[in-house]
Amino acid sequence: MAVTIKSPREIELMRKAGEILAATHEELRKALKPGMSTLDIDRLGEKIIRSYGCIPSFKNYNGYPASICVSVNDEVVHGIPNRHRILKEGDIVSLDAGVIYQGYHSDAARTWAIGEVTPEAKQLMEVTKQSFFEGIKFAKPGYHLNDISTAIQSYAESFGYGVVRDLVGHGIGTHLHEDPEVPNFAMKRKGILLRPGMTLAIEPMINAGGPEVVWMDDDWTVVTEDGSLSAHYENTILITEGEPEILTLYKGDAE
Ligand code: MF3
Ligand code: CO
């Protein structure tokens, strides 16, 4: 599938999809507290998304059974919400969600602390978020995809962290996953030339230890092989003539 350039009308719909997802993440952030189950988060997230007249895009995607991926501590991504999995003080929890608004997708992830967490966990969350911002310094016309990927990797690895290789970001639009793939690590090829109107979901997944991950028996939950903590930070962005527009950032950002 070719990389698509979105029309002004499509961009307007993606902005709206992004705004709604940003608001959803903000509401989830405020609701998080020790004692909550990961299924509580999923139920609340789905309710919020539907209250905006949107569809949670992850639900039943390739058989994924929930609306929000909830991944705790050494879980990297795609954790399946469960009523027996209770959040406790000191956990870090990655929430990944996607919405469809009038046929257009947005996709974003945040990693939050439950109460007080260790300085190590805090740094991992901050560096993961910052690696996204280091990457999008190159999300402009004239740069290639690999410039984004290389910047994410160099920043995260400068802290001694492991950059997950087995999962990547992606183009997004009328489908959750469109071309191109957006790796968080340098490729040998420079990748596509970036052009205004391209929309990308950029999503560094960073481990405190090694980059290796394994899949659990549920065939979804991805965990670090060495048991180290992992964080995930993702936004849907639009390439413009100038600075990239982050479509899923909450305005009045507390993040
Ligand atoms: N952000 C993830 C991705 O782009 C979410 C997909 S999870 C699934 O792959 F549940 F939808 F599969
Ligand atoms: Co994604």
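Here is a short tour of a predicted model, with a ligand, a glutamate and a helix as the stops.

**Stop one: ligand 1.** Select ligand 1 and show the residues around it: Phe58, Tyr61, Tyr64, Cys69, His78, Asp96, Asp107, His170, His177, Glu203, Trp220 and Glu234. Asp96 places a polar side-chain atom 2.7 Å from a nitrogen atom of ligand 1. For Glu234, a polar side-chain atom lies 3.2 Å from a nitrogen atom of the ligand, while Glu203 has one 3.0 Å from an oxygen atom of ligand 1. How much of ligand 1 does the protein bury? Taken alone, the ligand exposes 330 Å², and the protein buries 94% of that.

**Stop two: Glu178.** Next, select Glu178, which lies in strand 8. Its relative accessibility is 7%, so Glu178 counts as buried, the cut-off being under 20%. Follow its side chain to two backbone nitrogens: that of Thr174 lies 2.9 Å from a polar atom of the side chain, and that of His175 is reached at 3.1 Å. Leaving out residues up to four places away in sequence, Glu178 touches Met1, Thr4, Lys6, His170, Gly171, Ile172 and Gly173.

**Stop three: helix 4.** Finally, select residues 145–157, the 13 residues of helix 4. At 1.5 Å a residue they should span 18 Å, which agrees with the 19 Å between the end C-alpha atoms. Colour the buried residues, among them Leu145, Ile148 and Ile152. What do the buried residues of helix 4 pack against? Show helix 3 and strands 6, 8, 9 and 10 to see their partners.

Terms used. Residues numbered from 1 in each chain as written. Chains lettered and ligands numbered in written order. Predicted model: local features only at pLDDT ≥ 70, side-chain atom pairs only at ≥ 80, totals over all residues. Heavy atoms only, no water. Helix = DSSP H or I, 4+ residues; strand = E, 2+ residues; numbered from the N terminus. Expected span 1.5 Å × (residues − 1). Buried < 20%, exposed > 50% of the residue type's maximum accessible area, 1.4 Å probe, protein only. Contact = heavy atoms within 4.5 Å. Near = heavy atom within 4 Å. Polar contact = N/O pair within 3.5 Å; in protein donor to acceptor, adjacent residues only side chain to side chain. Areas by Shrake-Rupley, 256 points an atom, 1.4 Å probe, with all protein chains shown as cover.
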